[in-house]
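Colleague: Before I use the labels attached to this model, I would like to hear what each of them rests on.

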Amino acid sequence: MANKKHYIITAVTLGVIAASSGALIGVANLVTRNQIALIEKNKIKAGIVDIFGEFAVISKEESVSDYKYVNYVYEVSGDNDQFLGYAYRTSGSNMYGKISLLVGFAYETKALKKFTVVVNEQTYASTLVDKYINPLNDKEINIDDVSCGATYGAKLVREMLNEATQASTKKWKN
């Protein structure tokens, strides 16, 4: 009988700990959810400016569901509502974490202009940025040169860029 009492007390104690932990996580989510969304929205706006210039703004946002990585397409305008191009929001993950990019395509060339990182939760995030993303943006390396010390992250970025390029090609034809 004493043995059953010990098991019941242990089970109730663990149940209370689990319920308290769940409630704490829920409260933390409620408190931080809006702030995280605001930070992400500001990063997207900053990315648009980084890609298209200081007067660039999002004139239209559209959700996309036809692709694995591309989630949103933004129509970007500048001074006097001049159409500057499209930006594609991509998101993906692998065993090393999540990454999200904003990929810009210029109206004049209908080609990849530049891309910026919105979220980088990769284990080797700084290596990925320093050895693949920055050199790729600076046109120092080819998109297929993924061997960089963060190869799985680079492959994921390459797949997202290729898919955004495919979506862009389809968009320009319409």
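Predicted model: local features only at pLDDT ≥ 70, side-chain atom pairs only at ≥ 80, totals over all residues.

Modeller: Read along the sequence, the protein follows the pattern α-β-β-β-β-β-α-α, with three helices and five strands.

Colleague: How do you know how the protein stands against a compact globule of 174 residues?

Modeller: The rule for a compact globule of 174 residues gives a radius of gyration near 16 Å, whereas the protein has 22 Å. The C-alpha trace, for its part, spans about 80 × 40 × 30 Å along its principal axes.

Colleague: Why is Ile8 called exposed?

Modeller: Ile8 is found in helix H1, which covers residues 2-52, and its relative accessible area is 56%. The term exposed requires a value over 50%, and therefore Ile8, at 56%, is called exposed.

Colleague: What makes Ile8, Val12 and Val16 a nonpolar surface patch?

Modeller: Such a patch is made of residues with over 30% relative accessible area and no salt bridge, and nonpolar side chains, Val and Ile among them, are joined within 5 Å. Ile8, with 56%, passes the cut-off for area, and together with Val12 and Val16 makes a patch of about 290 Å². As for the spacing, an α-helix has 3.6 residues a turn, so residues three or four places apart point the same way.

Colleague: Why is Lys173 called exposed?

Modeller: Lys173 lies in helix H3 and has a relative accessible area of 71%. Since exposed means over 50%, Lys173 is therefore given that label. Lys173 and Lys110 are 63 residues apart in sequence, yet their C-alpha atoms are 10 Å apart in space.

Colleague: Which residues of helix H2 are called buried, and what do they pack against?

Modeller: The label stands for under 20% relative accessible area, and in helix H2, residues 125-137, the residues that carry it are Ala125, Leu128, Tyr132, Ile133, Pro135, Leu136 and Asn137. These buried residues pack against strand E4 (97-106), strand E5 (112-120) and helix H3 (151-173), where a contact means heavy atoms within 4.5 Å. Just after H2, Lys139 takes a positive phi of about 60 degrees.

Colleague: And for the protein as a whole, how much counts as buried, and how much area is exposed?

Modeller: Of the 174 residues, 34% count as buried, while the protein exposes about 10,800 Å², of which carbon and sulfur atoms supply 55%. Among contacts with a separation of 6 or more, 42% are accounted for by residues 24 or more positions apart.

Note on methods: Residues numbered from 1 in each chain as written. Heavy atoms only, no water. Patch = residues over 30% accessible without salt bridge, like charges linked within 9 Å, V, L, I, M, F, W, Y side chains within 5 Å. Areas by Shrake-Rupley, 256 points an atom, 1.4 Å probe, with all protein chains shown as cover. Salt bridge = Lys/Arg side-chain N within 4 Å of Asp/Glu carboxyl O. Helix = DSSP H or I, 4+ residues; strand = E, 2+ residues; numbered from the N terminus. Buried < 20%, exposed > 50% of the residue type's maximum accessible area, 1.4 Å probe, protein only. Rg over C-alpha atoms; globule rule 2.2 N^0.38 Å.
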